[in-house]
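This briefing walks through one protein model, topic by topic, for a reader who has the sequence and the structure at hand. Please look over both before reading on.

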Amino acid sequence: MLRGLATVSFFAADLAAAKRWYTELLGVDPYFERSVAGSPAYIEFRIGDYQHELGVIDRRYAPHGSATGPAGAVVFWHVDDPVATFEKLLSMGADVHEAPANRGEGFITASVIDPFGNLLGIMYNPHYLDVLGVTDPSAG
């Protein structure tokens, strides 16, 4: 059935600005870009331990009836320091969706609304580290 996260897709009305913002945040350039009729339409980053894909699509191609503001599911990306990451996101122009919250047993979650209206979740998840066989986050 479900075998793993393949691609998380966000939408942005200004794809060039989204490319700059996510390139700065992630520290890597998109590995894939696609244009339609000479106009940028899609960019995709591979990130993290499993090279999961984060795609950003020009909002012109959003399915009919898609939310134009933050809505729906929040995908949480594991980070080693959720408070520092949350502060970095805010310093880059993201807005608070949910401030860092201790969920017990080592879990900390937070989420922001990126400058393009997408929900971006971050979390510290000890189970994520268990899967990697890492006990010291600085070693991962």
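**Threonine 109 and its surroundings**

The side chains of threonine 109 and arginine 103 are joined by a polar contact of 2.9 Å. The model is a predicted one, and the values below should be read with that in mind.

- Leaving out residues up to four places away in sequence, threonine 109 touches Phe76, Glu98, Ala99, Pro100, Ala101, Arg103, Ile122 and Met123.
- Glutamate 98, which belongs to strand 6, is partly exposed, with a relative accessible area of 31%.
- The side chain of glutamate 98 also reaches arginine 103, through a polar contact of 2.8 Å between the two side chains.
- Apart from residues up to four places away in sequence, glutamate 98 touches Phe86, Arg103, Thr109, Ala110 and Ser111.
- Between glutamate 98 and methionine 123 there are 11 Å in space, C-alpha to C-alpha, while the two are 25 residues apart in sequence.
- Isoleucine 113 lies in strand 7 and, at 17% relative accessibility, counts as buried because the cut-off for that word is under 20%.
- Not counting residues up to four places away in sequence, the residues that isoleucine 113 touches are Pro70, Ala94, Asp95, Val96, His97, Asn118 and Leu119.
- Isoleucine 113 and proline 126 are 13 residues apart in sequence, and their C-alpha atoms are 24 Å apart in space.

*Helix 2*

- In helix 2, which covers residues 82-91, the buried residues include Pro82, Phe86 and Leu89.
- Seen down the axis of helix 2, its buried residues fall within an arc of 60°, and therefore they line one face of the helix.
- As background, an α-helix has 3.6 residues a turn, so residues three or four places apart point the same way.
- Among the elements that cover the buried residues of helix 2 are helix 1 (15-26), strand 6 (95-104), strand 7 (107-113) and strand 8 (119-124).
- Just after helix 2 comes glycine 93, which takes a positive phi of about 105°.

*Histidine 78*

- Histidine 78 sits in strand 5, which covers residues 76-78.
- The side chain of histidine 78 makes a polar contact of 3.5 Å with the side chain of aspartate 80, and a polar atom of the histidine 78 side chain lies 3.1 Å from the backbone nitrogen of asparagine 125.
- When neighbours within four places in sequence are left aside, histidine 78 is in contact with Met123, Tyr124, Asn125, Tyr128 and Leu129.

- At least two residues of the lining of the largest pocket come from each of helix 1, strand 4 (52-58), strand 5, helix 2, strand 8 and helix 3 (126-132), and strand 8 gives the most, with four residues.
- By class, the lining of the largest pocket divides into 21 nonpolar, six polar and three charged residues.
- The second largest pocket holds about 320 Å³ of space, and of its 17 lining residues, Ser9, Phe10, Ala71, Ala73 and Asn118 are the closest to its centre.
- Strand 1 (residues 7-12) supplies the largest share of the lining of the second largest pocket, namely four residues.
- That lining has 10 nonpolar, six polar and one charged residues.

*Positive phi in loops*

- Alanine 37, in the loop between strand 2 (32-36) and strand 3 (39-47), has a positive phi of about 55° although it is not a glycine.
- With a relative accessibility of 85%, alanine 37 counts as exposed, because exposed means over 50%.
- Glutamate 105, in the loop between strand 6 and strand 7, has a phi near 55°, a positive value in a residue other than glycine.
- Glutamate 105 counts as exposed, at 78% relative accessibility.

Definitions and conventions:
Residues numbered from 1 in each chain as written. Predicted model: local features only at pLDDT ≥ 70, side-chain atom pairs only at ≥ 80, totals over all residues. Heavy atoms only, no water. Polar contact = N/O pair within 3.5 Å; in protein donor to acceptor, adjacent residues only side chain to side chain. Contact = heavy atoms within 4.5 Å. Buried < 20%, exposed > 50% of the residue type's maximum accessible area, 1.4 Å probe, protein only. Arc of directions from axis to C-beta. Nonpolar A, V, L, I, M, F, W, Y, C, P; charged D, E, K, R; others polar. 1 Å grid on protein atoms, 1.4 Å probe; cavity = no way out; pocket = protein on both sides within 12 Å on 5 of 7 lines; lining within 4 Å. Points joined across faces, edges and corners; volume = space filled by probe spheres on them.
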